Amino acid sequence: MSDIIHLLPDSVANQIAAGEVVQRPASAVKELLENAIDAGAKQIKLIIKDAGRTLIQVIDDGCGMSDTDARLCFERHATSKIRSAQDLFVIRTMGFRGEALASIAAVAQVELKTKMRDNELGTSIVIEGSEIKEQSVCRCNNGTSIAVKNLFFNIPARRSFLKSNSIELKHIEEEFFRVALIHTDVAFSFYSNDKLIYQLESSNLHQRITGLFGNNYKQRLHPVEEQTEQVKIRGYVCKPEFSKKTRGEQYMFVNNRFIKNFYFNNAIEKAYADLLPEKTYPSFFINMEVDSSRIDVNIHPTKTEVKFLDEVIIYAVLRAAVKRTLGQYSLATEFEFDTVEGMDLNPAPAPKGYIPPAPTITVNTNFNPFENTSYKKATAYSEPPYDKGNKWENFFEISNEKAEVSTYTVESNMEQETLFETETTESDTTTHNTSTTIQVLNRYIVSTISSGLLVVDQQRAHERILYERFISHSGKECISQQIMFPIQCSFSAADAEIISEIMPELKDMGFEMNPLGNTVFVITAIPAEINDGEVQNMLDEMVEDYKNSLMQKFNDKEQSIALSMAKQLAVKKGTKLKQEEMQNIIAQLFSCKIPNTSPFGKKTMIIMKDNDLTEKFK
Ligand code: ADP
Ligand code: MG
């Protein structure tokens with residue numbers, strides 16, 4: 001009997017290998033994108049037609065190939081990335097098997113154009129079903145362009161197994177995400193059927209995530225960071241309330257390579273514990289840096305599975321890191337929504353020819369936030385604003401909300417109290433008055449605004465109001481009140497020195513004072529905002545604050561004094577406020593120059609917009 005074993009021709013061997021490497025258009029996309037990354041590209045363009053059936057093209061500005069390499073890259077086991085088996089243990093590139101291009105060229109019509117930076121001319125190669133059809137010298141840009149046309153043209157069975165265009169495109173998009181998410185220093189553009197669907201500038205992970213998943217992810221992400229001997233973890237996890245019904249948004253990378261590792265995914269899910277609504281999964285974007293000699297990436301042809309020597313330790317570190325992040329931010333999670341600060345200042349341009357309608361503003365001309373204001377001394381929060389401005393009017397549609405809120409208060413008062421522990425002020429409960437603001441926990445003022453709900457931190461807001469008032473006093477005529485009986489304030493010798501030093505600024509803000517000997521000062525007038533009984537205490541504290549490093553950091557006497565006075569005079573948390581006081585705070589806050597932070601840089605308010613609320617109720 002004659003021998004029956006023979007070697008398969010390369011083209012057949014390549015086709016068999018292709019079965020493993022190129023299962024669908026998305027697999028070719030992955031290989032081409034990874035090659036571009038390995039070539040050091042800083043700009044990568046992905047062009048898809050008919051979900052990859054007719055065209056998959058990747059254009060990069062990487063190192064390019066010499067004419068010999070351009071020919072060799074289509075050979076099986078042709079790679080520039082490893083030379084010996086030893087190299088397998090220290091892989092830092094995406095590919096290394098040298099199979100991808102050979103496999104793709106076995107099952108498609110491929111056109112390659114490539115040029116190295118130092119060469120004047122590049123190489124063009126056309127290859128179909130592993131057969132070189134054309135090779136020539138050509139003019140082209142630095143880098144490489146590979147166009148894969150009519151994938152599986154020579155394996156009709158394979159072609160008919162492809163799913164609908166939308167499903168294949170989804171797979172492509174997924175591969176694109178996996179590469180783009182971790183290579184944030186590379187700019188990407190992605191065209192599908194001549195339409196630009198993603199344009200990503202080189203940036204950081206946070207911006208990349210929002211570039212891919214949308215701007216509303218800005219509010220969803222918490223950073224995770226941890227470093228131990230075995231692993232360095234960096235990335236973001238999503239707040240529990242934004243968890244998904246599937247595990248679709250779980251991105252884990254090791255040494256910048258996307259991996260699937262159910263064990264580690266479980267570590268993260270465990271960290272969320274009971275924070276997750278039932279049957280939902282957290283979204284996360286985590287990169288782990290691990291010594292490459294302690295992992296084995298060579299266990300699966302498409303290389304998404306990786307073995308770790310230190311997996312038990314890494315599991316524990318990962319879980320603890322995510323847990324800590326969630327703990328740290330859990331309070332913020334309750335309240336953190338879009339702030340004025342966080343508003344998108346660069347909205348997408350309007351479509352061509354679009355004529356924006358004139359804005360309509362509903363302003364209740366009858367509403368006067370200052371009516372009923374009692375200009376009582378010692379209730380600093382009921383002072384008239386120094387600059388009424390009208391910014392807040394655009395923000396508020398108080399009148400419209402009045403009716404609704406009052407019915408709510410009457411009809412569901414019980415529920416409201418038990419559910420939210422709200423504090424309604426006297427006037428509300430006795431008269432069922434129209435209430436536009438409520439105080440929560442004796443600390444926050446809650447009000448409805450045209451775009452949703454406004455929550456103001458009473459103390460911080462008032463600090464801002466007072467601070468701007470004192471700062472604006474200086475150099476101008478200020479509201480000062482003469483005191484009937486002059487007050488004598490005495491200080492230690494050192495403190496008296498400081499008082500003398502800041503006396504000009506104190507005078508600017510409404511104090512009239514003169515030294516009496518070395519350590520005593522006689523005060524004859526004080527700012528309108530303060531009580532004569534509190535003058536000594538105020539000045540003592542002001543001196544303390546001035547000495548305090550926090551204040552000195554500003555190195556500005558006027559600012560230091562204004563800060564100290566604002567801090568001391570501001571209504572404190574825990575103080576119950578009247579309806580009119582709350583309304584005054586809100587109105588005055590919105591006439592401030594910088595309403596959204598306290599003078600100490602803390603957030604004064606949060607705004608829950610319509611869509612934030614909708615999202616919460618999902
Ligand atoms: P591998 O990436 O595993 O080495 P491939 O078949 O994907 O195998 O690529 C073979 C070789 O072709 C690579 O090692 C690289 O030298 C070269 N190559 C492929 N794509 C590019 C590209 N976009 N730019 C420069 N060189 C490339
Ligand atoms: Mg490759």
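Q: What makes the pair formed by an oxygen atom of ligand 1 and a polar backbone atom of L101 a polar contact?
A: An oxygen atom of ligand 1 is 2.9 Å from a polar backbone atom of L101. A polar contact is a pair of N or O atoms within 3.5 Å (within protein, one must be able to donate a hydrogen and the other to accept it, and residues adjacent in sequence count only if both atoms are side-chain atoms), so this pair counts.

This is a predicted model, in which local features need pLDDT of at least 70 and side-chain atom pairs pLDDT 80 or more, while totals for chains, interfaces and linings use all residues. Residues are numbered from 1 along each chain as written, chains are lettered from A and ligands numbered from 1 in the order written, and side-chain values use heavy atoms, without hydrogens and water.

Q: Which polar side-chain atoms lie 2.8 Å and 2.5 Å from an oxygen atom of ligand 1?
A: One belongs to N35, at 2.8 Å, and one to S80, at 2.5 Å. The protein covers 92% of the 530 Å² of accessible area (Shrake-Rupley method, 1.4 Å probe) that ligand 1 has on its own.

Q: Which residues around ligand 1 come nearest?
A: Of the 18 residues around ligand 1 (a heavy atom within 4 Å), N35, T79, S80, K81 and G98 come nearest.

Q: Why are α15 and α18 called roughly perpendicular to each other?
A: The axes (lines fitted to C-alpha atoms over the stretch in contact, with angles from 0 to 180 degrees between N-to-C directions) of α15, residues 493-508, and α18, residues 557-569, cross at roughly 70 degrees. Angles of 65 to 115 degrees count as roughly perpendicular, so the name applies to α15 and α18.

Q: Which residues of α15 and α18 meet?
A: E501, I502, E505 and L506 in α15 meet K557, E558 and I561 in α18 (heavy atoms within 4.5 Å). This contact holds 3 nonpolar, no polar and 4 charged residues.

Q: How do you know that α15 and α16 are roughly perpendicular to each other?
A: The axes of α15 and α16, residues 535-547, cross at roughly 95 degrees. That value falls in the range for roughly perpendicular, so the name applies to α15 and α16.

Conventions. Helices (H or I, at least four residues) and strands (E, at least two) are DSSP runs, numbered from the N terminus. Angles under 35 degrees count as roughly parallel, over 145 as roughly antiparallel, 65 to 115 as roughly perpendicular and the rest as oblique. Ala, Val, Leu, Ile, Met, Phe, Trp, Tyr, Cys and Pro count as nonpolar, Asp, Glu, Lys and Arg as charged, and the others, Gly among them, as polar.
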